[in-house]
Amino acid sequence: MILDIGFETMPREDLEAIVLRRLKATIDRVYANVPFYRKKFEENHITPNDIKSLEDLKQIPFTTKEDLRDNYPFGMFAVPMDNVVRIHASSGTTGKPTVVGYTARDINTWAELMARALAAGGATRGDIIHNAYGYGLFTGGLGTHYGAEKLGASVIPVSGGNTKRQIIIMKDFGPTILTATPSYALYLAEVAEEMGVSFKDLKFKFGIFGAEPWSEKMREEIERKLNLTAVDIYGLSEVMGPGVAIECHEAKKGLHIFEDHFIPEIINPATGEVLPYGETGELVFTTITKEAFPVIRYRTRDITSLNPEPCICGRTLIRMNKVSGRTDDMLIIRGVNVFPSQIESVLMEIDEVEPHYQLVVDRKGKLDTLTVLVEVGERLFSDEVKVLQNLERKIAKNIKDYLGVSAKVKLVEPKVIARSQGKAVRVIDNRKI
Amino acid sequence: MHVEQISVFLENKAGRLAEVAAILAEADVNIRALALADTSDFGVLRLIVNDNQKAIQALKNRGFTVSKTDVVAAEVEDRPGGLNRILDILNRAGINVEYMYAFVQHTGKNAVMIFRIDPIDEAIKLLQKNNITVIEGSKVYAM
Ligand SMILES: [Zn+2]
């Protein structure tokens with residue numbers, strides 16, 4: 001269902017006029033209120049008056065995660081703290097977290113966009129939403145929660161963890177929509193199976209999964225094991241939280257970006273050059289309606305491409321393809337660039353491989369070694385050792401063929417690979433560099 | 001005449017085999033025969049037990065990957081050349097033995113061996129035609 005027909009199906013020309021007006025207003029505000037942006041503009045001899053068209057956005061320098069950290073905690077806020085009603089933070093794997101703030105109007109905008117996203121993913125006000133995103137500083141839980149309420153659906157704020165209890169709630173409350181990370185969704189399926197609960201007997205129709213990259217093969221597996229239609233949702237706290245972009249359940253082919261609030265660009269991560277539609281690079285966002293925490297040309301580190309083709313669902317909003325990796329997940333192994341998502345693609349191409357894997361990088365002497373751990377589930381298992389050995393060899397050969405890097409493949413028992421708050425830990429880099 | 005065997009995936013780590021034995025003991029399952037085939041990284045543990053359902057449930061509950069395979073239990077004369085005779089019969093018919101292992105118990109003066117053979121039904125017929133005693137599953141589980 002299209003919740004906001006006006007904006008979601010607006011002719012591109014009309015949309016672009018609104019976007020330009022909103023961009024100019026945002027530039028004016030950050031120039032006036034955020035010393036970081038004013039300084040950057042001045043260093044590059046730009047004033048807000050230089051931004052006359054959407055093309056002119058290219059003149060403005062990028063904002064990076066480091067910039068946000070340098071201004072920790074509230075240095076990037078564009079309104080006085082009196083006007084801030086909510087604070088979220090994203091976990092910093094290295095160093096400080098990044099802190100974001102919202103005004104009351106920001107919270108309302110976010111709820112509206114999240115309601116639009118849920119509707120695009122198949123939810124209606126009659127649905128019961130089992131929200132297994134973590135509640136807290138992470139934006140997933142509360143963002144989805146407010147959107148569900150805005151839509152008028154019934155939301156179960158179950159959050160992450162205590163998985164057995166979640167299965168019981170699913171049985172007893174009969175939720176029809178599941179919101180979770182895709183790896184946690186698969187974990188729910190595993191635990192349900194152990195408990196003798198079949199998703200065929202549950203009432204789920206749609207699942208809206210995000211907060212980590214996942215593949216088409218993983219979608220097939222989730223849809224089969226959880227007996228629902230699975231769509232991808234995208235968002236990050238620096239830009240807003242979940243609800244920046246959403247797949248429509250009609251097409252399930254790329255995520256519509258809510259361009260009346262966010263301007264997307266794709267750049268070459270090495271040179272910063274803006275790439276044309278269809279080319280793969282780093283996704284960059286400029287927010288054009290946010291009050292407390294606007295970002296200008298924020299580098300998301302997510303790798304994807306943009307697709308301007310019209311969609312069967314009727315939305316005129318541009319689509320971003322599924323995120324295929326992160327610029328900062330890139331491992332350099334013996335001089336070869338390796339994205340975990342590439343290894344995942346290789347594994348998915350081998351029939352029946354469970355999508356639970358982990359890359360372990362070690363340095364022995366001067367030589368880097370890559371070990372790929374693959375969990376052996378029931379579909380992969382054989383009572384014949386040679387079948388399993390052939391599988392190891394086949395995976396190693398395909399990795400060598402597609403990525404040009406030698407890897408040792410090691411089959412491991414299920415659940416050996418750590419899952420942190422529902423997110424699988426995909427890379428362990430033991431190199432001391 | 002098939003016998004159900006349970007196979008368990010094990011990482012090659014100290015204590016994993018003992019853990020499987022402990023889980024089965026706790027579930028009140030008796031192990032009738034057992035063989036471990038391993039590589040430097042992992043192993044496949046093959047088991048004949050008195051209660052397959054109970055054993056599988058107990059192992060799955062503890063997170064092990066488990067599968068069931070049909071195998072053949074046959075009596076082997078406990079004298080030189082006893083095993084060779086069986087392998088010869090199968091070999092001449094072009095039937096491949098993937099693996100085999102011995103049963104602890106004997107029947108009278110004969111040893112019992114487990115064979116993983118494909119195609120299984122053809123192999124059973126062939127063995128019986130050659131007067132080799134093939135033992136039924138229900139008897140094997142109770143041995
Ligand atoms: Zn669409």
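I began with A:K408, which is partly exposed at 42% relative accessibility. My cut-offs: buried is under 20% relative accessible area, exposed is over 50%, and partly exposed lies in between, with a 1.4 Å probe and protein chains only. This is a predicted model, where local features need pLDDT of at least 70 and side-chain atom pairs count only at pLDDT 80 or more, while totals for chains, interfaces and linings use all residues. Residues are numbered from 1 along each chain as its sequence is written, chains are lettered from A and ligands numbered from 1 in the order written, and side-chain values use heavy atoms, without hydrogens and water.

I looked up the partner of A:K408. It forms a salt bridge with B:D41, closest N and O atoms 2.9 Å apart (a Lys or Arg side-chain nitrogen within 4 Å of an Asp or Glu carboxyl oxygen). A:K408 lies in strand 20 of chain A and B:D41 in the loop between strands 2 and 3 of chain B, so the pair joins two chains. Strands are DSSP runs of E, at least two residues; helices are H or I, at least four; both are numbered from the N terminus. B:D41 is buried, at 12%.

Next I checked A:R431. It pairs with A:D368 at 2.9 Å. A:D368 is in strand 19 and A:R431 in the segment after strand 23, so parts 63 residues apart in sequence are tied together.

Then A:D260. Its salt bridge to A:R116 spans 2.7 Å between the closest N and O atoms. A:R116 sits in helix 5 and A:D260 in the loop between strands 9 and 10, so the pair ties parts 144 residues apart in sequence. Both residues are buried.

Over all chains, I count 38 salt bridges.
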